[in-house]
Amino acid sequence: MELYLDSANLDEIRHVASLGIISGVTTNPSLLAKEDPTVDVRQRILEIYSLVGGHVSVEVVSTDADGMLREAEEILSWFPEATIKIPMIPEGLKAVRRLSQQEVDTNVTLIFTPSQALAANNAGATYVSVFVGRLDDVGSDGMAVVRDVREIWDIQGLSSQILAASIRHPMHIIEAAKAGADIATCPYKALMQSLQHPLTDKGLSAFLADHRKMQEEIAKAKGALV
Ligand code: E4P
């Protein structure tokens, strides 16, 4: 399963990209709004793209297909490898169909049911983003939707990439992998938490302490010889 970072923060993206563990970044209008409002969106997106060099999803804010297509054209003029993120509404599907005919990659966002995922796939979506955490928030089982989508995709031989989004903690990442998601897009905190274990830190401290002790003993032995 590939990992993407769900962020528009350059420090977070730079750090995680330097670890070599992500192959893309997903953004949305809320993530962009959290960052410096004086930087224009085009500049911010291009900075993100230069740091990642892979998948970057950029979301449109129009709610009619023509508006979405105009925005997509503008985003693609910034960098032609952009993935256009489109909300799961009927007008969005219309735009996805047109963009897929032009071989433009699309990520259909705000998917909460397998039937929405199926419609997005049939319209030609490259990625279907299932919002796991937001379903959990309202007392539903978000990961069950990812599992259902995977099962349907395997039975039907469907091609859209299944993207587990709205990830909240490290267990979501593991559950998404077990559910058969192709990608999980994770916030910085969850991704960094997923790299840690207290026994790793404890074990490293012990290794380093033993190494220091050995060096001291070697130095002492050398001193005794002089
Ligand atoms: C997906 O691409 C979305 O940007 C994101 O995962 C939403 O997550 P949230 O529910 O934490 O806002």
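This is a predicted model: local features need pLDDT of at least 70, side-chain atom pairs count only at pLDDT 80 or more; totals for chains, interfaces and linings use all residues.
Local features are reported at pLDDT of at least 70 and side-chain atom pairs at pLDDT 80 or more, while totals for chains, interfaces and linings use all residues. Residues are numbered from 1 along each chain as its sequence is written, and side-chain values use heavy atoms, with hydrogens and water left out.

Start with helix H1, residues 10-19. Helices (H or I, at least four residues) and strands (E, at least two) are DSSP runs, numbered from the N terminus. The buried residues of H1 are Leu10, Ile13 and Val16. Here buried means under 20% relative accessible area, exposed means over 50%, and partly exposed is in between (1.4 Å probe, protein chains only). Seen down the axis of H1, the buried residues fall within an arc of 140°, so they line one face of the helix. That arc is taken from the directions between the helix axis and the C-beta atoms. On the other side of H1, Asp11 and Ser18 are exposed.

What do the buried residues of H1 pack against? Their partners are strand S1 (2-6), strand S2 (24-26), helix H3 (41-52) and helix H10 (188-193). Contact means heavy atoms within 4.5 Å. Now look at the ends of H1. Asparagine 9 caps the N-terminal end, with a side-chain oxygen 3.0 Å from the backbone nitrogen of aspartate 11. After H1 comes glycine 20, whose phi is positive, near 75°.

Threonine 26 lies in S2 and, at 1% relative accessibility, counts as buried. Its side chain joins that of aspartate 6 in a polar contact of 2.7 Å. A polar contact is a pair of N or O atoms within 3.5 Å; within protein, one must be able to donate a hydrogen and the other to accept it, and residues adjacent in sequence count only if both atoms are side-chain atoms. Leaving aside neighbours within four places in sequence, threonine 26 also touches other residues, including Tyr4, His55, Lys85 and Thr185.

Which residues surround the ligand? They are Asp6, Thr26, Asn28, Lys85, Phe131, Arg134, Ala165, Ser166 and Arg168. Each has a heavy atom within 4 Å of the ligand. For asparagine 28 the distance is 2.7 Å. For lysine 85 it is 2.6 Å. For arginine 168 it is 2.9 Å.

Serine 166 is buried, at 9% relative accessible area. Leucine 110, in strand S5 (residues 106-111), also has a positive phi, near 65°. Leucine 110 is partly exposed, at 32%.

Finally, turn to a helix pair. Two packed helices are described by the angle between their axes and the distance between the axes. The axes of H5 (residues 90-101) and H6 (residues 114-123) come within 8 Å and cross at roughly 35°. Axes are lines fitted to C-alpha atoms, for helices over the stretch in contact, and angles run from 0 to 180 degrees between N-to-C directions. Leu93, Val96, Arg97 and Ser100 in H5 meet Ala119, Ala120, Asn122 and Ala123 in H6. By class, this contact has 5 nonpolar, 2 polar and 1 charged residues.

Note on methods:
Ala, Val, Leu, Ile, Met, Phe, Trp, Tyr, Cys and Pro count as nonpolar, Asp, Glu, Lys and Arg as charged, and the others, Gly among them, as polar.
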